[in-house]
Structure formats: C-alpha cells, structure tokens
Amino acid sequence: MSNRSRRRFLQFATIGAAGAIAGNAHSPEGSPTSSSVINLPFAPLNPRLGMIGTGGRGTELLKNFLGADVQVNALCDIVSEKAENARTLVEKAGQKQPVLYTKGDYAFEGLISREDIDLIVIATPWRWHTTMAVAALKQGKHVAIEVPAATTLEECWKLVDTSEATRRHCIMLENCCYGYNETLILGMVRAGMFGDLLYGEAAYLHDLREELFSNKGEGLWRRTVHTERDGNLYPTHGLGPVANYMGINRGDRFDYLVSMSTPAKGLAEYRSSHVPKDDPKWQERYITGDMNTSLIKTANGLTINLQHDVSNPHPYDRLNAIAGTKGIFRDYPPRIYFDEQPGGEEWGSIDQYKERFEHPLWNREGEIARKLGGHGGMDYLECYRLVECMRQGLPPDMDVYDAASWSAPGPLSQASIASGSAPVKFPDFTRGRWKERKGSTIAGAVA
Ligand SMILES: NC(=O)c1ccc[n+]([C@@H]2O[C@H](COP(=O)([O-])OP(=O)(O)OC[C@H]3O[C@@H](n4cnc5c(N)ncnc54)[C@H](O)[C@@H]3O)[C@@H](O)[C@H]2O)c1
C-alpha cells in the first residue's frame with residue numbers, strides 16, 4: 001500500500017467491536033435524511049444520450065446504443081480523433097451530427113450541462129468515473145458508468161448520496177449480468193433448482209499483459225494502477241452475476257471480506273522480455289499481487305471466492321459458479337450437476353435447460369444481440385434493457401447500491417491486505433433496505 005492510499009484507508013477505517021475493520025466512510029448508514037432510490041421508476045422518456053470517453057469501450061457501447069435506436073446528441077473525449085471517429089458512427093446510423101467536446105480534462109462539464117441529454121454514459125479511465133458521474137447527477141442526468149464505478153469507499157458513498165439527493169439513477173454497466181449463461185442460471189436459481197444457496201465463485205482471470213504494456217488504449221492508464229494498489233482491481237465482472245444469483249441487496253448483502261495476494265511478478269517478468277531497456281516503463285514498480293483471492297461472507301452466511309489476475313498466462317475465466325443444497329453450476333466451460341442426475345457423478349450439459357430457462361431478454365432480443373456481437377451479445381442486451389426501462393418508466397435492473405456494493409471489494413481488499421488479511425466490513429449502502437427488497441435484478445427473472 002502506498003503512503004497515499006494508506007492515509008486514505010486510515011481516514012475511513014475504524015476497528016469495530018467484533019474485531020473486523022468497518023469501512024463506513026463519511027455517510028452514516030441509516031441516515032434519517034436519506035431517501036432511498038431502491039425501486040424508483042424512471043420518469044418514462046425516450047432517452048437522449050451523451051457519452052464521455054470514446055475509446056475502445058465507449059465506441060463499442062455507442063454501437064450498441066445506436067443498435068437500440070438511441071439518439072446521441074453529444075460526445076466527449078480529450079483526444080479529438082476519438083470523438084470524431086465516434087461521431088462518424090452516429091452519422092452512419094442516420095442521425096444528425098452530435099456536438100463534440102474535446103478541449104481538456106473538464107470538457108465533459110459542457111456536455112453534462114446540455115438540456116437535450118437525459119442519459120450520460122461514462123467510459124473513461126477509472127479515476128474519472130465518480131467525478132464525472134457525480135457532476136452529471138447534479139446536472140439532473142441519469143448516469144451509466146463503466147466498471148468499476150468507484151475505486152474507494154468514499155467514492156462509493158458519494159455515488160449513493162448523490163443519486164439519492166438528486167433522485168437520478170446511477171447504474172454501473174456490468175454487462176456480464178446479461179450474459180447468456182448468467183441469465184439462464186439466474187432463472188434456474190430463482191426457480192429453486194439449486195435448493196438453498198451456499199456458495200459462489202467469481203473472478204476476472206484475463207491475460208492483459210500485452211494490452212497493459214501497449215502504448216495506446218488501456219496501456220496509457222491501466223498499468224499505472226498496478227504501481228499504486230495491492231488488491232482486487234477489477235471485481236465486478238465475476239461478482240455482479242453471482243450477486244444476482246444470491247439476491248445481494250435483495251434479501252441478503254455482502255457483510256465482510258478477507259483478502260490476500262500472491263507476490264507481484266508477472267508484469268515485471270513480461271517487461272523484461274518485451275520492453276526495451278531505455279523505455280520509461282522500466283522506472284515503474286508493480287505492487288498489485290498477481291493473484292488476489294478474497295473471500296466474501298454475506299449476511300445470510302453464504303460465501304463467495306472472488307479472484308483477480310490479469311498479469312499471467314491464463315485462459316479467460318470468470319469462474320461464475322453457484323452451488324446449493326440441490327446442485328451446482330460451474331462455467332468455463334459451462335457444466336452442471338444436480339442431485340441424482342443421470343450418469344452418476346459426471347457433469348451434465350446446460351443445453352438441456354435452455355428451452356425451459358432461456359432468459360426472456362435473450363429469447364426476444366437474442367438475434368440482434370448476437371449480430372451486434374459485443375461479448376457474445378450481452379453488451380447489446382445491457383444497453384437495450386437500460387433504455388427499455390427508461391422508455392417504459394420502470395426501475396432499472398441494477399442501481400447505485402449495486403454499483404457501490406460490487407465496486408467496494410476493490411478498496412476493501414486493499415484494506416484487508418494492508419492489515420494482514422483481517423476481516424473488513426462492507427458498508428450497508430442500502431442503509432438497511434436490503435431486507436425489504438426481494439427477488440433479483442434483470443428483467444423477467446424476478447420470482
Ligand atoms: N464492461 C466491459 O466489458 C469493459 C471492457 C473494456 C473496458 N471497460 C471499462 O471501460 C472504461 C474505458 O476503458 P477503455 O478500454 O475504453 O479505455 P480507453 O483508454 O480505450 O478509452 C478511454 C477513453 O477516455 C478518454 N478520456 C480520458 N480522460 C478523459 C477525460 N477527462 N474526458 C474525456 N475523455 C477522457 C481517453 O482519451 C480514451 O479515449 C474503463 O472503465 C474500463 O474498465 C469495460
């Protein structure tokens with residue numbers, strides 16, 4: 001932990017009575033002045049979109065929102081060619097030229113104050129997410145932020161507080177929640193197929209070494225984070241779907257975690273064989289332990305094994321497992337086992353469940369989703385569904401409490417590691433309302 005992050009950690013951490021470190025930041029849980037946005041429906045409207053950050057991810061998201069017939073009125077990127085490239089996509093979709101904001105780090109302030117925008121999509125480097133989201137909420141806009149929504153507990157609380165104060169939604173764009181297998185399994189969980197749930201596994205295991213050392217795209221900012229923090233830098237892709245299976249913030253919540261990391265070796269080793277000795281990257285010291293393993297305990301007693309490794313050879317894997325008293329599902333590759341399944345103790349295929357449990361969204365929109373293709377189609381479904389909720393005046397599938405809870409293992413894993421893997425408490429971002437809400441996120445799977 002750097003001196004700066006240690007100071008930040010000490011600002012919020014106090015030792016709780018039970019010996020776990022409580023991460024309560026500045027906002028009191030259960031504050032009587034707070035007004036929850038749980039289940040708050042959108043005022044029905046056909047959203048007009050403004051996008052901040054039109055790099056790799058922003059461009060992909062833009063294609064998907066255009067695929068969902070969303071009007072795009074303004075785009076912002078500090079690199080004008082990127083904004084211009086994105087503008088071409090909008091024009092190709094037959095829309096009028098969107099206005100561009102490209103002059104400096106705070107050009108986005110011009111975009112978020114426009115009257116002809118209802119939804120701001122943020123796809124910038126992590127350190128900008130909360131600053132931009134909070135500013136946009138304060139301008140009365142709904143916000144959809146890329147993952148992770150926040151990188152400190154203070155930022156998590158800022159998003160919650162501001163969403164509540166402005167009565168605007170702040171959604172984290174956790175596309176994996178809309179994956180084919182994830183939505184299929186969610187339906188099966190809700191139907192009780194796995195019995196009482198016991199544990200899950202979630203991860204982001206993705207060999208990003210080439211990308212991290214690239215001189216463009218994420219190579220310009222993401223490697224730097226590996227010189228600043230030791231913990232799980234990217235918890236949400238694996239965790240979001242498992243949180244949905246378990247009904248986190250809907251009858252259960254994350255209670256505490258413990259975390260440990262291996263030594264940091266992969267990036268330095270990659271650099272030694274791929275980066276010329278006179279490159280400034282040789283000045284960097286990587287401190288993010290290569291494999292971070294965190295164990296989360298929920299209030300109802302369930303456990304989650306949460307992992308992160310982007311610095312070593314590994315086939316892509318989010319683990320994506322859920323188990324209960326009647327059976328277990330594991331992904332990568334997808335396989336399932338139920339009590340007394342024919343074939344003895346062999347894994348079975350999930351194909352036999354597709355007819356009965358294919359998610360209604362995939363059933364309805366799967367063809368166009370697969371055609372647009374982003375991450376197998378889930379990117380389109382997350383964009384389409386968000387816009388559908390706005391058009392129909394529904395509450396969003398995922399809200400600011402999910403954004404905060406799923407991002408929190410980032411700073412909490414850092415805090416646990418810094419204190420010898422001590423248990424660290426999750427704040428209750430819902431301020432107790434997780435007990436009242438039932439069911440799951442994601443349309444059509446609500447029991
Ligand atoms: N959900 C997913 O599957 C997925 C996939 C990739 C990336 N992401 C997330 O998307 C975000 C962006 O990642 P990326 O891969 O597109 O990175 P990128 O570097 O390709 O794009 C980031 C863009 O933000 C711009 N930018 C930086 N500071 C800015 C500012 N102050 N104002 C306006 N623009 C600014 C950069 O010029 C760049 O074009 C990250 O949060 C990342 O974690 C999510």
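This is a predicted model: local features need pLDDT of at least 70, side-chain atom pairs count only at pLDDT 80 or more; totals for chains, interfaces and linings use all residues.
A search of the whole structure gives 16 aromatic pairs. Trp157 and Phe429 make a pair with ring centres 4.9 Å apart; the planes meet at 55°, so the pair is tilted. Trp157 belongs to helix α6 (residues 153-166), while Phe429 is in the segment after β16 (424-425). The pair thus links distant parts of the chain, 272 residues apart.

## Tyr316 and Tyr332

Another tilted pair is formed by Tyr316 and Tyr332, with 6.1 Å from centre to centre and 55° between the planes. Tyr316 is in the loop between β12 (303-309) and β13 (321-324), and Tyr332 is in the loop between β14 (327-330) and β15 (335-338), so the pair ties together parts 16 residues apart in sequence.

Tyr316 has a relative accessibility of 31% and counts as partly exposed. Tyr332 is also partly exposed, with a relative accessible area of 28%.

## Aromatic cluster and charges over rings

Tyr316 and Tyr332 belong to one aromatic cluster together with Trp126, Tyr204, Trp221 and Tyr234. Over the ring of Tyr234, a member of this cluster, sits the charged end of Arg222, 4.3 Å from the ring centre.

A further arginine, Arg271, lies over the face of Trp282, at 4.6 Å from the ring centre.

Definitions and conventions. Residues are numbered from 1 along each chain as its sequence is written. Side-chain values use heavy atoms; hydrogens and water are left out. Rings of Phe, Tyr and Trp (its six-membered ring) pair if their centres lie within 6.5 Å; planes under 30 degrees apart count as stacked, over 60 as edge-to-face and the rest as tilted. Helices (H or I, at least four residues) and strands (E, at least two) are DSSP runs, numbered from the N terminus. Buried means under 20% relative accessible area, exposed over 50%, partly exposed in between (1.4 Å probe, protein chains only). A charge sits over a ring if NZ of Lys or CZ of Arg is within 6 Å of the ring centre and within 35 degrees of the ring normal.
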